[in-house]
Amino acid sequence: MSDYSNLKSDSKDFHKILNSYFLKEKESNQSSYRKELSKIIFDYIIKTDDGSYTINSPDFDGKSETMHNSNGAITESFEKFVKPLKFDYSKNKEIAILDICGGFGYNSAAVIADFLEKSGGNSKIAIDMIEISLETLATALVIPSPIATHNFLKSAIESKLVDEDFAGIAIEKTEIPENIAINVHIEDARKTIIDLKDNNYDAIFFDPYSPAMAPELCSVEFFKELKRVIKDNGIIATYSASSPVRWGLIEAGFYIGEGPIFGRKSGGTIASLDINNINNSIPLDDERTIAISDAGIPFRDSNLNLTASQILNNRKKEREKARHHYKISSAVQTPLFLGKDLKDEKLKRRLIRNLNKVNISDLKSDEAYYIIEPQNRYSKESTKENNSNKRIIEMNKRLLAIIDN
Ligand SMILES: C[S@@+](CC[C@H](N)C(=O)[O-])C[C@H]1O[C@@H](n2cnc3c(N)ncnc32)[C@H](O)[C@@H]1O
């Protein structure tokens, strides 16, 4: 996700105007305020490369991101979230999707478009969409829809906003077909998830801001809730390739792999309890970083109620404790140089200092080779016998054995 922190306005500026216009709509029962907002919004939204629009996130401690990929907001929904699912709608009479961080509803709109194109009309799709921000959902009502199925989202969101007494009147004309159910939850996903049924979802879209901005949805404990609600053969799709997210998913019990590549050099992440759903290993360097360096230390939130800064601070402390004790320092990408020749003597001295602290004598020592040996079998194709989870867990075990010696 691109960093647009140099742009002047964030969505908070638009939210202020939006709140006052929706209030006027409620007081007057007139649709004109919403029409006016759908013109004003153009001063705040950003056109992405495929013509669909995004907006800057609110400012979090001086950090801001666009809500979507600047290479194409709706294209990313299809490429990174819908494509990996490969649903056979004729076999599944009812598909259940959990859309976490629903935002404008682009990911849900994309999966509905896929469903309508491929299902032949015999099956059903049920979507639970969770979004914490009322204003973001209200923005979805006045943003130009990137595809026709987004109008179903507009209808579902509008009904919810009328129920919540945020919107005064129902304006959306699009009727949602009977075989499509969209349930909008306006809440912190950590709260909503507790009440969701076990073993229910065929797919989970996991689309939070980056972990540095929103670590509260990236904790091992939240991922354990995802494990509870997903079906045994369900698939989680996320744009995130972050090391703590990937390790967190593994610690929660998921197999992980690399998702489709769009707008970046490498893909996001696919996770599933069923190894057969994982087609591609994550990149070799990422496996090693996660397995043996402090960069893989995950976010923790044992009662699903800590603030973002508490979670970030706790992780920082856990990394400090781990570094040089049970993990190799991630500084200067130390783990990636194991087994390599290096001409830069200054860098080499620094790397060896880091390695000596965890009982590894040299970049090309026996211990170094022992730890990375599972990656001799690295292949991009992920199989039951040969996959990223196996290699990550084995390298971590080997490092601990060397340290204990
Ligand atoms: C990257 S955007 C998601 C874009 C979205 N999937 C779409 O199709 O438009 C992240 C969204 O997560 C929401 N969010 C942040 N924290 C949340 C939380 N704890 N629970 C639910 N939603 C949250 C934000 O308000 C924001 O709309």
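**Exercise 1. What is the handedness of the crossing of H1 and H2, and how do these helices pack?**

Solution. The crossing of H1 and H2 is right-handed. (A crossing is left-handed if the near helix is turned anticlockwise from the far one by less than a right angle, and right-handed if clockwise; helices are DSSP runs of H or I with at least four residues, strands are runs of E with at least two, and both are numbered from the N terminus.)

Before going on, note that this is a predicted model: local features need pLDDT of at least 70, side-chain atom pairs count only at pLDDT 80 or more, and totals for chains, interfaces and linings use all residues. Residues are numbered from 1 along each chain as its sequence is written.

Next, get the geometry. The axes of H1 (residues 11–28) and H2 (residues 32–40) cross at roughly 160 degrees and come within 9 Å. (Axes are lines fitted to C-alpha atoms, for helices over the stretch in contact, and angles run from 0 to 180 degrees between N-to-C directions.) Angles under 35 degrees count as roughly parallel, over 145 as roughly antiparallel, 65 to 115 as roughly perpendicular and the rest as oblique. H1 and H2 are therefore roughly antiparallel to each other.

Now find who touches whom. H1 brings Ile17, Leu18, Tyr21, Lys24 and Glu25 to the contact, while H2 brings Tyr33, Arg34, Glu36, Leu37 and Ile40. (Two residues are in contact if their C-beta atoms, placed from the backbone, lie within 7 Å.) Sorted by class, that makes six nonpolar, no polar and four charged residues. (Ala, Val, Leu, Ile, Met, Phe, Trp, Tyr, Cys and Pro count as nonpolar, Asp, Glu, Lys and Arg as charged, and the others, Gly among them, as polar.)

**Exercise 2. Work out how H10 meets H9 and H14.**

Solution. Start with H9 (residues 243–252) and H10 (residues 284–292): their axes come within 10 Å and cross at roughly 70 degrees. H9 and H10 are therefore roughly perpendicular to each other, and H9 passes H10 in a right-handed crossing. Ser243, Arg246 and Trp247 of H9 make the contact with Asp286, Thr289 and Ile290 of H10. The tally here is two nonpolar, two polar and two charged residues.

Then take H14 (residues 388–404), which packs with H10 at an angle of about 40 degrees, the axes being 8 Å apart. H10 and H14 are therefore oblique to each other; their crossing is right-handed. From H10, Glu287, Arg288, Ile290, Ala291 and Ile292 meet Ser388, Arg391, Ile392, Met395, Asn396 and Leu399 in H14. That contact splits into six nonpolar, two polar and three charged residues.

**Exercise 3. Check the span of H11 against its number of residues.**

Solution. H11 (residues 308–322) has 15 residues, so at 1.5 Å a residue it should span 21 Å. (The expected span is 1.5 Å times one less than the number of residues.) The end C-alpha atoms of H11 are 21 Å apart, which agrees. Just after H11, His324 takes a positive phi of about 70 degrees.

**Exercise 4. Which domains divide the chain, and how many residues does each give to the contact?**

Solution. The chain is divided into domain 1 (74–239) and domain 2 (289–404), with bounds from an automatic or database domain assignment. Ten residues from domain 1 and ten residues from domain 2 make the contact. On the domain 1 side, helix H8 (residues 220–229) gives the largest share, three residues.
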